[in-house]
Amino acid sequence: MAQRHELVLRFEAFPEVSLSLVLLRGVKNHAALQQAMLGGELDCAFICPALVRDPFLIHTAAYAALCAHSNNKLRTRNIHSELVVSLSPTRNITKSLSAFGRVGSDMIVGVFSLSSQKMADIVHQVEGEPHELSKEVLHQLFDAAAAKKLYAWSAAEEGMESFASGDPILDAMVLRLTSP
């Protein structure tokens, strides 16, 4: 896999940790990959890109997962599943994993540097093509109707001036992730 497709997120509060992300499109063996991950053969996170408006949303959820990990307060089996659950505005683990871990022909693969698994090893097993993971690409893949149903933002929020990101919908999503 070409390194140019890998997006690496870093964390100021956890300088020794990074999260590598790759967007894979046209994945043909997603069911087998998901079974391998659930069976513990793959130490990574699979994320549905249709519910991610911006890489910042993943960065926010990853920070929450790292905080839970460092405080021994994971709600799930490992930091990768905690990342997926942390993307959701609901605290229901089953619903969170079902919504954000549901992958099809497009998926984002995430691997924390804490893992012994390497991104290249995972991507090598995927029957699909790596693509750029950027704000612009995620906007194209974003399913606003599905995300609105999950995050329950209002029409008023859509029309508001953004106070942080320049994107009022992203602001609404991040606020729901960071609110208890």
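Predicted model: local features only at pLDDT ≥ 70, side-chain atom pairs only at ≥ 80, totals over all residues.

Colleague: Where does R53 lie?

Modeller: R53 sits in the loop between β3 (45-47) and α2 (55-70).

Colleague: Is R53 buried or exposed?

Modeller: The cut-off for buried is under 20% relative accessible area. R53 has 14%, so this arginine counts as buried.

Colleague: Which residues does R53 touch, leaving out those up to four places away in sequence?

Modeller: R53 touches K135, L138, H139, F142, D167, I169, L170 and M173. With one of them, D167, there is a polar contact between the two side chains, at 2.6 Å.

Colleague: Now the strand. How many residues of β2 are buried?

Modeller: Strand β2 covers residues 14-25, and nine of its 12 residues are buried, so the rest of the structure largely encloses this strand.

Colleague: Which strand is joined to β2 by a hairpin?

Modeller: That is β1, and the hairpin runs through two residues. Strand β1 (residues 7-11) pairs with β2 in the antiparallel sense over five bridges. To find the pairing on screen, look for L7, whose bridge partner in β2 is L21.

Colleague: How many bridges join β2 to β4, and how many join β2 to β5?

Modeller: Six bridges join β2 to β4 (residues 107-112), and the two run antiparallel. Three bridges link β2 with β5 (residues 129-131), again antiparallel.

Definitions and conventions:
Residues numbered from 1 in each chain as written. Heavy atoms only, no water. Helix = DSSP H or I, 4+ residues; strand = E, 2+ residues; numbered from the N terminus. Buried < 20%, exposed > 50% of the residue type's maximum accessible area, 1.4 Å probe, protein only. Polar contact = N/O pair within 3.5 Å; in protein donor to acceptor, adjacent residues only side chain to side chain. Contact = heavy atoms within 4.5 Å. Pairing = 2+ DSSP bridges.
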